[in-house]
Amino acid sequence: MNMNETKTTDAEIEIAGTGTLGKAMAVLEAVVTAGSPQRFTDIVQAIGQPRGTVHRLLSHLVEEGLLIQGRDLSYEPGLRLLKLAYRSWSGNRFRDIAEPHLLRLHELTGETVHLGVLQETEIIYVDKVESRQTVRMSSQIGKASPAYCTGIGKAALSSLSQPELMRIATKMKFHPFTAHTHRSAAGLLAEIDEIRRDGHAFDREEHEAEICCVAAPIFVPEHDLVAGVSVTGPAYRVNMAQLAAWAEVVRGTAGKIEEEVRMRLGPGRNGR
């Protein structure tokens with residue numbers, strides 16, 4: 001493909017809607033988050049763009065090595081995307097700062113410790129220290145989970161100002177993962193008030209049956225950091241009384257991470 005052909009193609013894509021980059025990211029996300037190779041028709045259905053637009057975007061992403069196309073014509077993440085993800089992961093200073101604190105929390109509890117960052121309506125897990133027990137969590141670093149039904153997500157949400165919390169809550173789509181999952185923004189907002197008062201949050205089998213946790217917020221506004229740390233375990237091994245007993249040490253861990261982030265990253269926006 002020569003230069004003129006590339007420019008024409010990009011212009012054609014631009015006409016259709018929100019812009020080349022946004023549409024390419026939608027295609028990329030549809031493939032990466034699916035969990036299995038995706039066929040062309042699957043991607044078209046997932047992002048709701050014209051077939052011609054999707055075909056051109058897929059071609060660009062394959063050419064750039066961000067996606068690969070298998071012999072069965074399905075698409076999956078490419079090696080270049082994995083390389084970029086690794087670079088981002090290995091260079092994440094927040095994770096590096098938090099790591100020794102996560103390890104100490106793990107030593108104290110023996111259960112799985114998670115570190116997550118709030119991204120609008122989701123919590124993204126950026127680190128995990130696995131339980132010493134034989135039965136472990138299925139969570140993965142880089143995985144996104146809804147903030148409204150995870151302890152770490154609700155803890156992070158509690159750090160936000162009320163207007164920002166309301167803005168995000170209106171964007172949430174409440175899916176009933178279990179019998180304990182919030183069904184509406186009203187229920188979530190009522191619990192957020194309790195979390196702000198107590199300084200910690202619980203996941204009472206809200207995202208996965210038989211899995212519960214206690215979490216505390218990590219909030220460093222000068223670095224636009226809204227995050228949380230949690231201790232998670234299976235309900236048969238870790239009951240609510242045990243989680244409540246761990247709440248103080250989880251809050252302490254969150255506070256130490258906040259303090260070290262400020263100390264090591266220095267002033268953020270506007271010199272704060």
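Where does Thr 150 lie? Thr 150 sits in the loop between strand E5 (144–146) and helix H7 (151–157); helices (H or I, at least four residues) and strands (E, at least two) are DSSP runs, numbered from the N terminus.

## About the model

This is a predicted model, in which local features need pLDDT of at least 70 and side-chain atom pairs count only at pLDDT 80 or more, while totals for chains, interfaces and linings use all residues. Residues are numbered from 1 along each chain as its sequence is written, and side-chain values use heavy atoms, leaving out hydrogens and water.

## Around Thr 150

Thr 150 counts as buried because its relative accessibility is 3% (buried is under 20% relative accessible area, exposed over 50%, partly exposed in between, with a 1.4 Å probe and protein chains only). Leaving aside residues up to four places away in sequence, Thr 150 touches Ile 123, Tyr 125, Ser 145, Asp 203 and His 207, where contact means heavy atoms within 4.5 Å. A polar atom of the Thr 150 side chain lies 3.0 Å from the backbone oxygen of Pro 146.

## One side of helix H3

Let's turn to another helix. In H3 (residues 40–47), the buried residues are Phe 40, Ile 43, Val 44 and Ile 47. They lie on the same side of H3, because they cover an arc of only 100° around the axis, taken from the directions from the helix axis to the C-beta atoms.

These buried residues pack against helix H2 (20–32), helix H4 (51–63) and strand E2 (75–77). The face turned away from the buried side of H3 carries the exposed residues Gln 45 and Ala 46. Just after H3, Gly 48 adopts a positive phi of about 70°.

How values were computed: A polar contact is a pair of N or O atoms within 3.5 Å; within protein, one must be able to donate a hydrogen and the other to accept it, and residues adjacent in sequence count only if both atoms are side-chain atoms.
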